[in-house]
Structure formats: C-alpha cells, structure tokens
Amino acid sequence: MNSFLLATVFLQFASALTLYGHPGTRSPLCNWGALEVGIDIKMGDLSKNPHPFGQIPCLTDDNDVLVFESGAILLYFLDKTKDKLSPSEAAAIQSYIVWANASLDGICFLETPDGKVYDTGLKKPNKNIDKLDKILEKQPFLASDQFTLADVAVASYLLYVLQFFPGVDISRWPYVKAYMKDCCIRPAYAKAFGEKVQGLLLSQLESEATPKKLFGVF
Ligand SMILES: N[C@@H](CCC(=O)N[C@@H](CS)C(=O)NCC(=O)O)C(=O)O
C-alpha cells in the first residue's frame, strides 16, 4: 500500500463518527439526521458507551470529541454540513432543534418526578402545537422549503408519540398530522427506525383505526 493510500485509509478511520444507541430509544433520530445530511456513522459497542450520565444517544468523533443529548448531536451534524445552507436557514434549523428539545419534548412526553414517561400532552389542546399547525399550514417544512435537520428534530418527537401512545387523536392539528406523514414516509426514516415502525405509524396517520402497541422504552 503506498503512503497516500495509507494516509487516506487512516484519515477515514480517524474521522469515523460512532453513535452509541439502540432501537426503540431516542438514538434512531440521530441515525435519521445523519442519513438525511449524508454523514456516515457507525454504531458503537453499548458496553463502552462514554455518555457521562450513562444514557443514549451519545456520539464520538475523531476519538477526542464526545457529544451527548440527541439535540446536541443534531447540532453537531448541522455544524458539519452548514456550508450548504444560508445563515438564516442554519439559524432556523438550530432554533427548531433547540425548541424540539427544550419545549416540544415536555409537551409530547409527560414524566413522573423520577423521569418515567407516563403520558403524552398531545391528548389535550396545546397552544404551541396550535401555533405549529398554523406554521405548517403555510409551508411544507419548518426551516426552509426543503426537509432539514429541523424536521428531523421536530417530526421525530411527534412521531415517537404515535409509537408509544398509539391511537392518540391528533386530528385537531391537521397540518401537523400531514407534516408527520410527509416526514415519516421518507426512505431515511425507514432506514433509521425500521420499515415495521414506519408502516405502523403511516397506518395511524392514514386512518382513524387504533393500531397495535409498538415496542420500546422511552
Ligand atoms: N434528553 C436526552 C434524553 C436521553 C434519554 O432519556 N435516553 C434514554 C433512552 S431514550 C436513556 O438512556 N435512558 C436510560 C437512563 O436514563 O438511564 C436526549 O435527548 O438525548
């Protein structure tokens, strides 16, 4: 092997992004984001998960970079790909990623004081989701007329609600519901979450019937 080839192989190995995660948790949303923006990641050995609080997802890059919190991982992907975006698009994507984690998470998943998800706030009216519906009445995606990491952040949480609370009635937000379908139908969603999850969610988004409970701990 000549030295150029050796250096190329070394660089590829050195810059490998490793995600510590598991199906049925938040980590597939990071796989979804990586697939959508064309970033290669490999899955790490969970027994070596370096997350400081022992949670998933967690990402490492170049051996000395460690990113935890699903939103921070999406922001890391944004940072690596933002040269293709205008400053206003990048700012909007960043804002929606933080909004998904800081506000939408608490609406979608109601937790006991010890952090166990016991219900979803989408069973009741919500003024922020009303506003989201109004935004999505006017535009197909959140930060641009194209699908972006903003949509990965927001749609993944909305779709997790259907995964963990199947049959929840979201028909009071028709534009949000249509948006969830447009995001769920994407090939990268199926690749990250599995075709079975995608099929069961799409059947909920297309019909009023109560579907089967899916697996997973959130
Ligand atoms: N806000 C964190 C939440 C991470 C989280 O709660 N992860 C769960 C799986 S979805 C977990 O690792 N639970 C096990 C634990 O907390 O020990 C994020 O978005 O990454």
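Phe53 counts as exposed because its relative accessibility is 64%, where exposed means over 50% relative accessible area, buried under 20%, and partly exposed in between, with a 1.4 Å probe and protein chains only. Phe53 sits in the loop between strand E2 (41-43) and strand E3 (58-61); helices (H or I, at least four residues) and strands (E, at least two) are DSSP runs, numbered from the N terminus. Together with Leu66 and Phe68, Phe53 makes a nonpolar surface patch of about 310 Å². Patches of this kind are made of residues with over 30% relative accessible area and no salt bridge, nonpolar side chains (Val, Leu, Ile, Met, Phe, Trp, Tyr) being joined within 5 Å and like charges within 9 Å, and a salt bridge is a side-chain nitrogen of Lys or Arg within 4 Å of a carboxyl oxygen of Asp or Glu. Accessible areas come from the Shrake-Rupley method with a 1.4 Å probe, and for residues only the protein chains shown count as cover.

The model is predicted, and local features need pLDDT of at least 70, side-chain atom pairs count only at pLDDT 80 or more, and totals for chains, interfaces and linings use all residues. Residues are numbered from 1 along each chain as its sequence is written, and side-chain values use heavy atoms, with hydrogens and water left out.

The protein chain has 9 helices and 6 strands, and buried residues make up 46% of its 218 residues. The chain exposes about 11500 Å², of which carbon and sulfur atoms supply 56%.

Which residues surround the ligand? They are Thr25, Arg26, Gln55, Ile56, Pro57, Glu69, Ser70, Asn101 and Tyr157, a residue being near a molecule if one of its heavy atoms lies within 4 Å of it. An N or O atom in the side chain of Gln55 is 2.8 Å from an oxygen atom of the ligand, while a backbone N or O atom of Ile56 lies 2.8 Å from a ligand nitrogen atom, and a polar side-chain atom of Glu69 lies 2.8 Å from a nitrogen atom of the ligand. Taken alone the ligand exposes 510 Å², and the protein buries 69% of that.

Two of these surrounding residues, Ile56 and Pro57, are joined by a cis peptide bond with omega of about 5°, and Pro57 belongs to the loop between E2 and E3. Glu69, in the loop between strand E4 (65-68) and H3, has a phi near 85°, a positive value in a residue other than glycine. Glu69 is partly exposed, since its relative accessible area is 43%.

Turning to the interior, Phe77 in helix H3 (residues 70-81) is buried, because its relative accessible area is 0%. Not counting residues up to four places away in sequence, Phe77 touches Leu17, Cys30, Gly33, Ala34, Val37, Ile39, Ile41, Leu59 and Leu149, where contact means heavy atoms within 4.5 Å. Phe77 and Gly38 are 39 residues apart in sequence, with their C-alpha atoms 9.5 Å apart in space. Across the chain, among contacts between residues at least 6 apart in sequence, 66% join residues at least 24 apart.

Asp61, in strand E3, also counts as buried because its relative accessibility is 2%. The side chain of Asp61 makes a polar contact with the side chain of Lys80 (3.2 Å); a polar contact is a pair of N or O atoms within 3.5 Å, and within protein one must be able to donate a hydrogen and the other to accept it, while residues adjacent in sequence count only if both atoms are side-chain atoms.
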